[in-house]
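Morning, everyone. I have one structure to go through today, and I will keep it short. Here it is on the screen.

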Amino acid sequence: MTAASALPRHDRFDVDPEPVPFTVRASQRVHGGLAAGAALVAIGFAASASTSPAGILRWIVAAAFAVLAVVCARALTVGDMLVADDVGIRLRIGSEWVGTRWEDIEEVTVLQRRHPLDDGRIAVHLQDPGPVLGALPSSTRKTTDANRRLTGSSLAIPFGLTARPSNGEVVQALHMLADARCPVREQL
């Protein structure tokens, strides 16, 4: 029996602690504020539409703000957008989850936020994306194709203003979870 094992369990420390899963979640504050603000503006335009001679135009604007309020309110229910653990990475693209093991990933690139109103990005580059992307429904494939054209990777999610990572040190957290099975690089 060693001195460390004689200590009560809560007083011991682990030399190799278990890696903590890393998540990126939609920002509840931003989406909630946008939903409430858009709903109030929609109500204001709808109330003024009935008393104005240009009422039809105000009804159209009210409907547009109501749609924005619904989209932002739906974002409140999304939850996790990315989950990384010691097995691999799972991303939510639309309503579908796309997951892959660390061994099947060529590299993960992280574009850090450049200023407070900018979103960073986590992009997962697969060694062979064909089987993973081919199994997705067509609506999700359209999103991944747009992702590839915009970001260079089919599997990418933003973080920053609209989505919050569980750990501020994104590159280090992902690097610890990847554990030399794939490179995690910061994009400059």
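This is a predicted model: local features need pLDDT of at least 70, side-chain atom pairs count only at pLDDT 80 or more; totals for chains, interfaces and linings use all residues.

The protein chain has six helices and nine strands. Its radius of gyration is 22 Å, well over the 16 Å that the globule rule gives for 188 residues, so the chain is more spread out than a compact globule. Along the principal axes, the C-alpha trace spans about 85 × 45 × 30 Å.

Next, the surface. The chain exposes about 11500 Å², and carbon and sulfur atoms supply 60% of that. Of the 188 residues, 33% count as buried.

Now the inside. Take the contacts between residues at least 6 apart in sequence: 63% of them join residues at least 24 apart.

The largest nonpolar core has 31 residues. Which parts of the chain supply it with at least two residues each? Those are strands S1 (22-26), S2 (80-84), S3 (88-93), S5 (105-111), S6 (120-126) and S7 (155-159), together with helix H6 (170-178). H6 gives the largest share, six residues.

Among the residues with the most contacts inside the core are Phe-22, Leu-82, Trp-102 and Ile-122. Let me follow one of these. Leaving out residues up to four places away in sequence, Ile-122 touches Phe-22, Leu-82, Val-108, Ile-157 and Leu-174, among others. Val-24, Leu-155 and Phe-159 are also among its partners.

That is the tour. Happy to go back to any slide.

Notes. Residues are numbered from 1 along each chain as its sequence is written. Side-chain values use heavy atoms; hydrogens and water are left out. Helices (H or I, at least four residues) and strands (E, at least two) are DSSP runs, numbered from the N terminus. The radius of gyration is taken over C-alpha atoms; the globule rule is 2.2 Å times the number of residues to the power 0.38. Buried means under 20% relative accessible area, exposed over 50%, partly exposed in between (1.4 Å probe, protein chains only). Contact means heavy atoms within 4.5 Å. Accessible areas come from the Shrake-Rupley method with a 1.4 Å probe; for residues, only the protein chains shown count as cover. A nonpolar core is a set of buried Ala, Val, Leu, Ile, Met, Phe, Trp, Tyr and Cys residues joined through side-chain atoms within 4.5 Å.
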